[in-house]
Amino acid sequence: MAENVIGTDISPPDLRAKITGRARYAEDFRAEGMVFAKLLLSPMPHARVRSVDTSAAEAMEGVLGILRAEELPVPGGGLREAALTDEPKYEGEPILAVAAVDETTAAAAVEAIRVDFEPLPFVLDPLESLREDGPDAHVDGNISAGRGELGSLKWPASVFEEAGADRLPMGEAPTEWAIGDIDAGFAEADVVVEETIVHQSVTHHPMEPRSCMAYWQNGKLFLHGSTQSTERTRGGVARMAGVEPDDVVFIGEYCGGGFGSKISGSPIMAVPAVLSRKIGRPVMLRITRYEENYIGRARAGFQGWAKMGFRADGRMTALDLYLVQDSGPFGASDVFTAATVATASYQPENMRFRGVAILTNTPPRSAQRAPGGAQIVAMLEPLVDKAARELDVDRLEIRKINAPGHDGWLGPQQGGFTSAYVREALDLGGELFNWEEKSQLSGQRNGTKVTGVGMGLSPFTAGSAGRDGLLVIRPDGKLHVHQGIGNLGTHSIADTARPAADVLDLSWDQVEIVWGDTSKHLPFSTVQAGSQTTHAHTRANHAAGTAMLGLLQELAARELGGSPTDYRVADGRVFRAGNRAAGMDFAEAARRAIAIGGKFSGQEVPEELNDATKAAVAGLAGEGLIAAARDNYSRGGSVYTWVATFAQVELDVETGEVEIIDLASTTDCGTVMHPRSLAAQTNGGVFQGIGMAKGQRWVFDPKWGIPFTKRFYTARPPGILDVPLSPRFAAVDEPDPHTPVGAKGIGEPPVGAGEAAYVCAVADAMGGLCLCRTPLTADMILAELEGRPRPYGLLETHV
Amino acid sequence: MLQTEAIQARRGGFTRRKFIKGVIAAGATASVSGYLFRGSGVFAPMLTAQGAVERLITVTVNGQQRRVDVPKYETLAMTLRYQLGLTGTKLGCDRAECGACTVLLDGVTHYGCSILTHSVQGREVTTIEGLEQDGELHPVQQAVMDEGGFQCAFCAPGFAMSMVGMLEKNPNPTREEAAELLSGNLCRCGDYDKILNTAMRAAELSRSRA
């Protein structure tokens, strides 16, 4: 029995390439005659290009061509972002691109181009734009009115006057929903807590910037890029290049990190694609770290206000939330997700959410690992602690009291979950961390250092359904699993293939993963985002494995006699039950399938398959025994994963420095597919959250509207010395009953858990004082401890 | 309002270059392009001066003598990647902030993005491609395989080279010492726990092979 296929540690099949330098990321590819492109970036946060003089650049030796915004097949405009623009809406937005024989020449040519910009009003703070006389990020408005249209939202001066400087002004909100009666909820409460909250925006900064290289051959575009998804990237690339998806070959075998910033292609990919066609040469566009800061996407921060009511027994009777999001120049917002995520933590008896997303002239936002979720968890968890202290209820206990069980509900529609072992995860975490003893250390002082202990519970969506699996047993006797998902380091490219091997009782060394190149015939897949992949593709490959099992049995019956149910499959053979000799190995099955054709080798395909999969099967037809299937398994509710993180910190009251002494995390993410990788995903997410809580920030020059923090050294993600040497981890490991393998996703929820645990532990070290904002920099902490005036306004962003 | 003043200052045919000067005068930094070599005015003299220096030099990379034609200002990371086809050395920041380009010079770790190719003449350069010997993985690489190290792995070659350098300096590190010695490398996936497991395993393998 190949019983070790699920739930064991494996060495991912691409690891040797990664550690010998043979793994090729986008910038590692070369093409005959390849030249280089450089971008000219806007020096102003909002402007209009009046004229461009490229004559000097074009006269330079080695310059091959210049690409302007108007030449893009799909130009930008309004909320639609394109690779290049003549109306930049943030400092650093690309205006044009130059191709030259080498990068130095291209850069020199960019310097020789004269652009006359008409400066336009700009806005960095959403609240400023909500004022009647405040500036707008676009000439035509400051909010998205849906369907790509711009709208305008202004609040009367009285709203701002009533609120004062330290409380969120709460005017009319375009989005509002409620559960129960918020006023009745507060009337019933024994303790009410209320705070102004501010979460910063944070650039994703994957280690690999979004460099890309493109060339054309026989009318087809070949594009090497760095994306989280593969099959789902092709359509986007085709649109931006103005060709049909069939005329695009997208190659992305390795993705050096995305975290939501490279879900299915980047606007900038249009530059080498279109420029290459224009000049008839392969074009490499290297994106530098400096450029990545601008075009590389960022988490959307918010300014807000939260009020919670609790009964004496710790149950949350009311949650009132108002969030004003900084949605960047193109309107990416996640505050609506934030509100939904909050329900998955606390199940408030009554709730009201009001939210608005305001456009600003700051770098574009996109989903970032637990979009909305991480921010709201980090902002609300310290408030729960504050209430717990007032109620004299243990902080772990109050979370257990409010956490959902299997009968829990989600969001304004109050739909159900597929499973929710949240209390089990909290209990496991309490044990792993030794909460009972450690929580007694709160406030203990040792010299200048004060101990703080805190925890964070973080839910996030973790699955989807309806994708396809595609398997081929080739005459080499191996099972080839075609994966349309991307390879961004989560190991899901291998782990989601395991159920197919499991169903066929095949050992892992007989499995080959096919991925990373759309010419390799990849099935319809999920975008590798929203922690969907593990859930969605363990299902799809389980379905395909089951289909393959059926084909093997049918083939054996047809060739060797008897009925399909007489046959078993194990160890790479299909054979009669009770007589291993009466059968054939997979290599033989593949040969016979090719000879028979029809449904055995892809000449006929199930009608229910998605179109992309049908095309992939057609491309493979005749190459082996081919099984493709759609995931038709029932879903039974919202798929959610929860992570709980516990932190012990030491706050140095003289320097404001915080050291993390101990860290432990647990999760309910269903069946554990790959223990070592799961722990790594969780710890890595927790560290990303801690990075946000600790110090990654944006700071702008308010006069010129340009950022000061645009490289690692000014907004550094956590380094190896910033985190504990041995974080601990455990999983509940209870299968989700609504999915055949029982596995749910893990990517997103650790971020909020780590961030919240850190914020709560720091507040604990400060005697329960919540600053209710991130990042918590040393100067902010010290100002509070020393009773000095705050060096920032309570609602101020980018500090 | 500051902004109004800034906009007014810029109206009236402000060019990109003038704007930058204004911003620089205001104490901020700005550039239109994230160049490899940034800052207007730096380029022209470099380009015209190219012919004046000896460009054809010999460098020793992974035990092989390689003749390369490089301008004075080219960094080792660029030469490795674009002239010698050694793309295992990654560029993550090009400013000595992330360590993805870490290579060894005479056994000592250096950021390949921050050293000029002309300055490594006569020194032994080792890159990730040079660790494997006759198909056998270096203890550091074997440790990665054993521990399932790294996630996206864009930082992996740099970390691996730092681990090799670490073992030269301290063949028997504690976990704390390993963290200290690897702190010049950044992993955005935050896979530090597994990286430290790998470093400890590498030290173990290295001792047993010695």
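How many bridges join β24(A) to strand β25 of chain A, and do the two run parallel or antiparallel? The views below take up that question along with a few others, and everything in them comes from a predicted model.

**View 1. Here is where β24(A) meets β25(A).** The two strands run parallel, and 4 bridges join them. On the β25(A) side, which covers residues 511-514, A:Glu512 is the bridge partner of A:His480.

**View 2. On its other pairing, β24(A) teams up with β23(A) in a hairpin.** Look for A:Ile473, which stands opposite A:Leu479 of β24(A). There are 5 residues between the two strands, and in that turn A:Gly477 has a positive phi of about 80 degrees.

**View 3. This one is all about the side chains of β24(A), residues 479-482.**

**View 4. Over in chain B, we find an open sheet of 5 strands.** Read across the sheet, the order goes β2-β1-β5-β3-β4, and the pairing is mixed. The edges belong to β2 (64-69) and β4 (108-111) of chain B; each has a single partner strand, so one side of each is left without a neighbour in the sheet. Leaving direction aside, neighbouring strands are turned by 40 degrees against each other on average.

**View 5. Zoom in on β3(B) and β5(B), and you see an antiparallel pair.** β3(B) covers residues 102-105, β5(B) covers residues 124-126, and the pairing runs over 2 bridges. B:Leu104 has B:Thr126, in β5(B), as its bridge partner. A helix comes into the picture too: α6(B) lies across β3 and β4 of chain B, running at about 35 degrees to β3(B).

**View 6. Finally, here is the place where chain B touches chain A.** The contact involves 64 residues of chain B and 72 residues of chain A. Several helices of chain B each supply at least two residues to its side of the contact, among them α2 (16-25), α6 (156-169) and α8 (192-209). The largest share comes from α1(B), with 5 residues. By type, the residues on this side of chain B divide into 35 nonpolar, 15 polar and 14 charged.

Methods:
Residues numbered from 1 in each chain as written. Chains lettered and ligands numbered in written order. Predicted model: local features only at pLDDT ≥ 70, side-chain atom pairs only at ≥ 80, totals over all residues. Contact = placed C-beta atoms within 7 Å. Nonpolar A, V, L, I, M, F, W, Y, C, P; charged D, E, K, R; others polar. Pairing = 2+ DSSP bridges. Axes fitted to C-alpha atoms, helices over the stretch in contact; angles between N-to-C directions. Buried ≥ 20, exposed ≤ 12 C-beta atoms within 10 Å, placed from the backbone.
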